[in-house]
Amino acid sequence: MVKERARILIVGGGYVGMYTALRLQRQLKPELKRGEVEITVVSPDPYMTYQPFLPEAAAGSISPRHVVVPLRRVLHRCRIVIGEVRSVDHAKRTVTLTTLATEEEGAGAEQIAYDELVLAPGSVSRTLPIPGLADYAIGFKTVEEAIGLRNHVIEQMDIASSTRDPAIRDAALTFVFVGGGYAGVEALGELEDMARYTARYYHNLKPEDMKWILVEASDRILPEVGEEMGRYTVSQLRRRNIEVRLETRLNSCADRVAVLSDGARFPTRTVVWTAGVKPHPVLAATDLPLNERGRLRCTPQLTVDGASHAWAAGDAAAVPDVTAEPGKETAPNAQHAVRQAKVLGDNLAHTLRGEPLETYSHKYVGSVASLGLHKGVAYVYGRKLRGYPAWFMHRVYHLSRVPTFNRKARVLAEWTLAGLFKREIVSLGSLEHPRAEFELAAGGKPPTDPKGSS
């Protein structure tokens with residue numbers, strides 16, 4: 001059993017951070033009650049986002065508040081600190097962080113000491129130095145981006161319905177998605193489905209007026225579901241009049257014009273960037289070993305290689321895949337992150353109790369992807385599914401994986417009600433500037449765009 005008070009610090013409140021803390025709460029319940037263990041979770045947000053549900057949240061199938069899990073509710077035995085870790089000095093067992101109160105206090109960044117460190121900051125969008133990308137593009141990693149994109153798409157339809165200028169109308173109804181992975185394909189499929197349905201309520205808009213374009217640098221999309229299912233997905237998207245441009249890159253989106261590497265030019269007010277992720281920048285501000293891709297070098301037991309009392313998993317960790325040939329690493333996806341978190345939590349508890357560690361071993365069982373309502377593709381245990389069966393499996397799988405019974409029940413209830421009633425088609429772009437109307441009424445200067453995101 002634990003002989004001294006052990007201070008466990010978990011950096012990150014995503015998949016790995018939350019699930020590791022949950023596991024430790026269960027495994028170390030007696031020690032926590034006796035005060036022999038202290039668990040602190042540092043996260044920039046007070047919630048964990050279940051990212052596979054972001055496309056459905058953008059399409060209006062799920063309420064945004066049901067896509068996130070409040071950390072304070074599920075981690076009731078942990079201390080939650082909302083802040084950003086700026087650096088890690090593992091030699092001194094301290095991290096430097098800033099909180100929401102740091103600027104107001106004026107005392108500068110604070111430090112937290114620890115005995116065991118779990119680094120799980122996740123990843124950030126991998127961007128390229130493309131002209132106009134930072135000014136006009138939107139990502140698709142957070143619930144705020146998903147809802148903002150939904151509002152933006154409906155707003156563009158309002159603009160197109162109101163204008164008499166054909167150039168403005170064409171640009172408003174052109175939507176460019178860059179990246180043919182899960183995020184890009186699912187976001188495109190769900191939003192196109194939503195916009196197609198919404199168009200029936202516009203007297204002067206038809207689904208055929210909208211132009212949806214998927215740009216992918218490689219020669220196929222959704223590589224996780226296999227080559228055959230990838231080709232099927234391309235054919236299904238093209239049947240919906242969605243342009244799929246393979247082996248093509250975005251060269252520029254300056255001045256609201258998407259310029260592609262094949263010479264095509266599309267005036268557009270919507271560029272969605274989903275072209276991959278990279279490790280969180282905080283990893284570079286540590287004294288821990290990194291590989292050539294900037295991820296932490298880890299052992300199959302999920303310890304940081306060559307650094308005692310340091311652990312990592314998920315997108316931030318390069319974990320050897322013991323089920324594959326030597327030199328292979330586990331893919332940085334949610335399927336591995338959730339399973340690694342359980343092993344990490346168990347191993348940390350084993351370490352505190354002087355017990356042998358477990359080795360992380362998990363074979364990839366397959367993948368599922370939604371392409372819109374009642375449409376999908378899946379490759380699970382060697383079996384290929386498409387259409388409604390794949391879409392149904394997608395929902396069943398993710399419903400089983402979303403944390404807490406509370407969230408499962410709420411999501412299931414929303415899906416049931418969505419099957420009985422019509423979609424919501426309202427845009428709440430004003431949420432991005434909630435004080436705009438009051439500022440104007442009080443004599444202040446209104447923002448340049450008080451009602452929407454465009």
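This is a predicted model: local features need pLDDT of at least 70, side-chain atom pairs count only at pLDDT 80 or more; totals for chains, interfaces and linings use all residues.
Tyr 388, Phe 392 and Val 396 together make a nonpolar surface patch of about 310 Å². Tyr 388 belongs to helix 12, which covers residues 388-401. With a relative accessible area of 46%, Tyr 388 is partly exposed.

Five strands form an open sheet in the order 10-17-11-12-13, with parallel pairing. Strand 10 and strand 13 (242-245) stand at the edges with a single partner strand each, so one side of each has no neighbour in the sheet. Strands of a sheet pair through backbone hydrogen bonds, either parallel or antiparallel.

Strand 12 (residues 211-215) runs parallel to strand 13, and four bridges join the two. Here Leu 214 has Val 244 of strand 13 as its bridge partner.

## A closer look at strand 17

Which way do the residues of strand 17 point? Thr 270 and Val 272 point one way, Val 271 and Trp 273 the other way, and all are buried.

Strand 17 pairs in the parallel sense with strand 10 (residues 137-138) over two bridges, and Ile 138 stands opposite Val 272. Strand 17 also pairs in the parallel sense with strand 11 (residues 174-178), over four bridges; in that pairing Phe 175 has Thr 270 as its bridge partner.

## Helices across the sheet

Helix 9 (residues 182-198) lies across strand 11, strand 12 and strand 13, and runs at about 175° to strand 12. Helix 10 (residues 227-239) lies across strand 12 and strand 13, at about 140° to strand 13.

Key:
Residues are numbered from 1 along each chain as its sequence is written. Side-chain values use heavy atoms; hydrogens and water are left out. Patches are made of residues with over 30% relative accessible area and no salt bridge: like charges are joined within 9 Å, nonpolar side chains (Val, Leu, Ile, Met, Phe, Trp, Tyr) within 5 Å. Accessible areas come from the Shrake-Rupley method with a 1.4 Å probe; for residues, only the protein chains shown count as cover. A salt bridge is a side-chain nitrogen of Lys or Arg within 4 Å of a carboxyl oxygen of Asp or Glu. Buried means under 20% relative accessible area, exposed over 50%, partly exposed in between (1.4 Å probe, protein chains only). Two strands pair if DSSP finds at least two bridges between them. Contact means heavy atoms within 4.5 Å. Axes are lines fitted to C-alpha atoms, for helices over the stretch in contact, and angles run from 0 to 180 degrees between N-to-C directions.
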